[in-house]
Amino acid sequence: MSTSIVHYYGAQQSKCGYCGGTKCSMSHGMHAYLLACQDYQDLIDRGWRRCGDYCYKMRNKETCCTAYTIKSNALKFKLSKSQKRVLRRVNRFLRDGKREFKLDAGEGDGEDDACDASGAPEVTVSEPQPQLPDKRPAVINVDQIASLARAQKKPTKLVAAPTSEAPSVEAPTLGSNKSAAPISNKPCKKAKQMRLERRQAKLGDTASTTTKSLSQEKSLRDFLTSDSETNKHQLKLRLVDVNGEEFKRTVSASFALYKKYQISIHNDPPKDQEAYEDHLKQTPIKNEKSLGAPEMGYGSFHQQYWLDDKLIAVGVIDILPSCVSSVYFFYDPDYSFLSLGTYGSLREIDLVQSLAENVPELKYYYMGFYIHSCPKMRYKGKLSASYLLCPETYDWLPLTDAIRSKLDEHKYQRLNADANARDVNEFLMEHLDDVRLLLGVNNFTYYKNYNQLSDSENEMIIEYSKLVGKVCARRMLYVNIV
């Protein structure tokens, strides 16, 4: 097990990447020298997010664009009509090589600032890059300190922080009339299904076998499985460890693609390859291959999309004990007609489903932040079986129309309607003595053994501990080096 080593910056204020406001994005910031995969899993389950080595948690009561962590249960995921159309269009292009720029009616049910050639909105799961603090963390020998820290503490079994999913929210009713019929979140029967049922009623049992076969819906895996040998184009996906040799071999191609994407889609050219790697290659999460982990292990990866011999898209992801977390997605604008943002998210859901076959607890797809007050970011809530993280109790609540209505009323909501519900991983002052401190290169201690902290240092440690929760506060190493 790796030892997480972090330096807490405190409250941060910067330009908002969602609404474009100046100095209105409020967050807490933390530099991560090293993060154990389970620790980062526990952190994102408390609303944290990473960009390179920088971790941040939004101050949702104060910030301009309230951000709720969102995930989808990949094992309960169901394709929408527009998602099926995207998959069919990609499959037709691979089969025949024809570029279809005109979308079917009703397609493009997601919103983002990237558009395909027809002007229809394209879906991505990328977060704007946060503005990093001017103050940089102390330079330390991470490997040396991690080794000493492991030797200092007794080995313990890696246990996830306690978490829970709240039960499904009761369906809302119309207006204030208590006798009104409930508004069901269950989708209405499709016309095709209704026709099949009428046909079965007319023909009796003889039609049951035919009806069953016709009514079976294709799964995501069915759409992604094709006879590729007869296709005009071959699409291959490669999962590349960001610290591996394959990443080094292909970095020039991925940087060129990223630069093209940033210029065309965001009008924001990267400074250089080093800046690209700081943003999308650099990671505090080291690859961990432990008992029960997937074959590639846990860690940070690039999922590369190769069309014949050309790199056309890259999904930057973290594979963690309970999820695949999407960090960023970029693609070749020349292939926007394929809706690669949507296609990439479906491919990442398929990855989760594949990993869950051998690691059952790894069944969630994390999409970053859901910003209800920002229309272009609401597309994330269109994935089925989605949940939002309550910013106070850290329970997961199904994203229902009732939740959306609450967010329409006010951008910040507790989400968990149970007034008695509490954070089961809450850090209390009685836990403070167990916080681990790094005071120098070889100077480790617990809070209870160190009485030379200033008032401001004490306040920072307490604030940090409350934000990361009692499990991570006791397990991670807090750097207190000036």
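Colleague: What makes the meeting of H1 and H11 a matter of particular residues?

Modeller: On the H1 side the residues are Gln38, Asp39, Asp42 and Leu43, and they meet Val468, Val471, Cys472 and Arg475 of H11, where contact means heavy atoms within 4.5 Å. The helices (H or I, at least four residues) and strands (E, at least two) are DSSP runs, numbered from the N terminus. This is a predicted model, in which local features need pLDDT of at least 70 and side-chain atom pairs count only at pLDDT 80 or more, whereas totals for chains, interfaces and linings use all residues. Residues are numbered from 1 along each chain as its sequence is written, and side-chain values use heavy atoms, with hydrogens and water left out.

Colleague: Why is H1 described by its direction relative to H11 as it is?

Modeller: Helix H1 (residues 37-44) packs against helix H11 (residues 455-475) at about 155 degrees, and their axes lie 10 Å apart; the axes are lines fitted to C-alpha atoms over the stretch in contact, and angles run from 0 to 180 degrees between N-to-C directions. H1 is therefore roughly antiparallel to H11, a term for angles over 145 degrees.

Colleague: How do you know on which side of H8 the buried residues sit?

Modeller: In helix H8 (residues 273-280), the buried residues are Tyr276, His279 and Leu280, with buried meaning under 20% relative accessible area for a 1.4 Å probe, protein chains only. They span an arc of only 70 degrees around the axis, which puts them on the same side of H8; the arc is that of the directions from the helix axis to the C-beta atoms. These buried residues pack against strand S3 (48-51), helix H7 (245-266), and the strands S8 (299-307), S9 (310-319) and S10 (323-331).

Colleague: What caps the N-terminal end of H8?

Modeller: Aspartate 272 does, with a side-chain oxygen 3.2 Å from the backbone nitrogen of glutamate 274; that value falls inside the polar-contact limit, a pair of N or O atoms within 3.5 Å, one able to donate a hydrogen and the other to accept it, residues adjacent in sequence counting only if both atoms are side-chain atoms.

Colleague: Which side chain does serine 300 join at 2.7 Å?

Modeller: The partner is the side chain of aspartate 318, in a polar contact, and another polar contact, of 3.3 Å, links serine 300 to the side chain of arginine 50.

Methods
Buried means under 20% relative accessible area, exposed over 50%, partly exposed in between (1.4 Å probe, protein chains only). Angles under 35 degrees count as roughly parallel, over 145 as roughly antiparallel, 65 to 115 as roughly perpendicular and the rest as oblique.
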